[in-house]
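Have the model open beside you as you read.

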Amino acid sequence: MSTLSSSTTTHCRSYCSSSSSSSSPYSNLNSSSAISGPNRHHRSTRSSICPNRFARKKFSLQSNSISCSNVVRMQDGAVTATVAPIEDKTPLKKLKDGLYSVTPPEESKDTADFDINKDKSTVSITVVGASGDLAKKKIFPALFALYYEGCLPEHFTVFGYARSKMSDAELRDMVSKTLTCRIDKRENCGEKMEQFLQRCFYHSGQYDTPEHFAELDKKLKQHEAGKVSNRLFYLSIPPNIFIDAVKCASLSASSANGWTRVIVEKPFGRDSESSAALTRSLKQYLKEDQIFRIDHYLGKELVENLSVLRFSNLIFEPLWSRQYIRNVQLIFAEDFGTEGRGGYFDNYGIIRDIMQNHLLQILALFAMETPVSLDAEDIRNEKVKVLRSMRPLQLDDVVVGQYKSHTRGGVNYPAYTDDKTVPKDSLTPTFAAAALFIDNARWDGVPFLMKAGKALHDKRAEIRVQFRHVPGNLYNRNFGTDLDQATNELVIRVQPDEAIYLKINNKVPGLGMRLDRSNLNLLYAARYSKEIPDAYERLLLDAIEGERRLFIRSDELDAAWSLFTPVLKELEEKKTVPEYYPYGSRGPVGAHYLAARYKVRWGDISADQ
């Protein structure tokens with residue numbers, strides 16, 4: 001797929017506005033900052049280019065807004081160039097009562113460079129559960145990547161908090177083993193790592209002890225040094241201790257003069273009831289706009305590109321409906337089993353672990369109507385409408401499976417129940433397929449097929465959009481009886497090897513009339529030389545900035561659980577035995593029968609894929 005080249009490279013995207021609440025000393029206590037008011041629709045999109053998100057900003061009498069360097073892409077798609085600064089700027093002089101007056105240039109040259117962010121605020125990021133795998137493999141590396149790219153504020157501190165006894169030096173040693181630099185910027189990698197590690201500290205304490213969080217609060221204040229303190233807590237801990245940690249952090253370690261935000265990792269409960277109870281408990285200590293429920297799949301590049309692909313390309317939006325789309329497939333596959341995580345996985349299963357959150361969130365983004373704006377609430381409102389329009393899921397439209405041992409190439413691969421942390425009689429599904437429907441005017445009758453599984457033949461996450469047959473197709477005879485070969489298919493490959501490609505029919509060069517199915521490709525690795533950021537980098541930066549678009553709102557969560565809870569309860573009450581499939585296979589045969597019932601063929605099993 002050919003694309004226009006661009007000489008502009010986005011370094012660290014920004015949300016430019018006329019004020020920055022994160023740096024204001026008048027930020028609402030224990031509340032997230034948000035852009036609101038009549039101008040919220042004019043906020044620039046992610047394509048705005050600000051080399052440093054927290055770059056110094058200066059007052060100017062020529063404009064009440066804070067300008068971003070380079071080019072800003074507006075909401076309606078128009079592109080405006082930044083206005084060159086006027087040399088004869090009249091500086092401002094601060095009076096005793098806190099107001100500003102016009103000061104002649106000759107009276108004070110220094111005031112012309114007044115910096116509203118300088119020494120005003122700091123961000124303290126506390127990773128609760130810092131000794132765990134998620135923190136070591138994802139969170140600390142993501143924070144370093146943001147620092148490496150210049151996307152963190154000038155004043156920031158990272159604290160690790162866990163029950164393990166550890167010194168600052170030991171934390172830094174642990175973290176340093178997982179840090180890597182961008183491929184295209186290795187020349188100062190060691191120097192940047194050392195600078196980042198010097199901002200990392202550790203405090204040992206229990207998750208349910210307010211006194212230990214009060215001790216953490218004292219350490220945070222020492223590093224904040226009297227600045228406006230903004231605090232972000234990342235809960236990288238088991239869900240059964242979420243509430244204890246939130247209670248202690250809220251009561252003993254909240255910011256006194258800035259914002260306090262909490263990132264909560266999935267799972268958000270096991271069903272509607274437990275999820276609602278978790279939300280009620282969280283809201284005893286936090287407001288909704290302080291809670292950032294993270295689903296890292298929403299931070300993946302191709303998922304975030306969904307709305308861009310659809311709403312900024314005229315060729316796709318008119319086709320995005322039941323008139324032209326025959327079915328939509330959301331596929332998640334891993335080529336490995338639980339591998340030691342069986343104890344955790346057995347309590348949730350593949351439906352709760354993947355389908356209810358990752359795949360359903362992607363479905364909502366894919367199927368939503370055009371939002372009023374790119375504001376977080378407008379987008380999440382449309383996603384909720386999709387989820388509430390979905391037809392109740394029936395057990396007949398669900399297939400579950402569990403992988404069994406298999407020998408291939410002389411290698412013996414274990415069964416799910418061979419995992420020592422899994423009960424031998426476990427019926428927990430490691431594979432599930434489901435047919436879902438959205439009962440609204442746009443998608444009525446279009447099957448949305450989900451498939452997720454472990455220990456399959458390959459690793460992939462993708463969205464496949466299969467279009468309808470061409471009415472009265474003149475070339476049907478050239479395809480024989482398999483008319484599916486004549487249909488167009490749009491494939492959005494989320495991972496690995498990110499790509500977007502469209503399958504079209506094409507004449508094979510030659511004297512005869514022989515048709516071939518070809519791909520119009522956009523391979524990200526070939527088109528973009530810049531390394532794609534990890535999803536956690538984008539989501540952490542959003543949380544720091546107070547941008548909630550890629551985080552899950554409580555009513556979204558309720559709607560998602562209401563769809564899957566009845567089926568999950570029925571599966572467990574009936575003790576449904578999963579269909580067994582060999583490790584490394586394409587999954588249970590029942591998944592193919594399910595698709596065939598709706599005259600669909602899974603797109604990932606065809607020869608050309």
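## About the model

This is a predicted model, in which local features need pLDDT of at least 70 and side-chain atom pairs count only at pLDDT 80 or more, while totals for chains, interfaces and linings use all residues. Residues are numbered from 1 along each chain as its sequence is written, and side-chain values use heavy atoms, leaving out hydrogens and water.

Helices (H or I, at least four residues) and strands (E, at least two) are DSSP runs, numbered from the N terminus.

## Helices H1 and H3

Start with helix H1 (residues 133-148) and helix H3 (residues 189-197), whose axes come within 10 Å and cross at roughly 115 degrees. Axes are lines fitted to C-alpha atoms, for helices over the stretch in contact, and angles run from 0 to 180 degrees between N-to-C directions.

Which residues of H1 meet H3? They are Phe140, Leu143, Phe144, Tyr147 and Tyr148, and their partners in H3 are Cys189, Lys192, Met193, Gln195 and Phe196 (contact means heavy atoms within 4.5 Å).

## The sheet

Seven strands form an open sheet with mixed pairing, in the order E7-E6-E5-E8-E9-E10-E21. Two strands pair if DSSP finds at least two bridges between them. Strand E7 (200-204) and strand E21 (551-552) are the edges, each pairing on one side only.

Inside this order, strand E9 (residues 260-265) and strand E10 (residues 291-294) run parallel, joined by 4 bridges. Val264 has Arg293 in E10 as its bridge partner.

## Helices H9 and H14

The axes of helix H9 (residues 349-367) and helix H14 (residues 554-573) come within 11 Å, crossing at roughly 145 degrees. Among the H9 residues that meet H14 are Ile351 and Met355.
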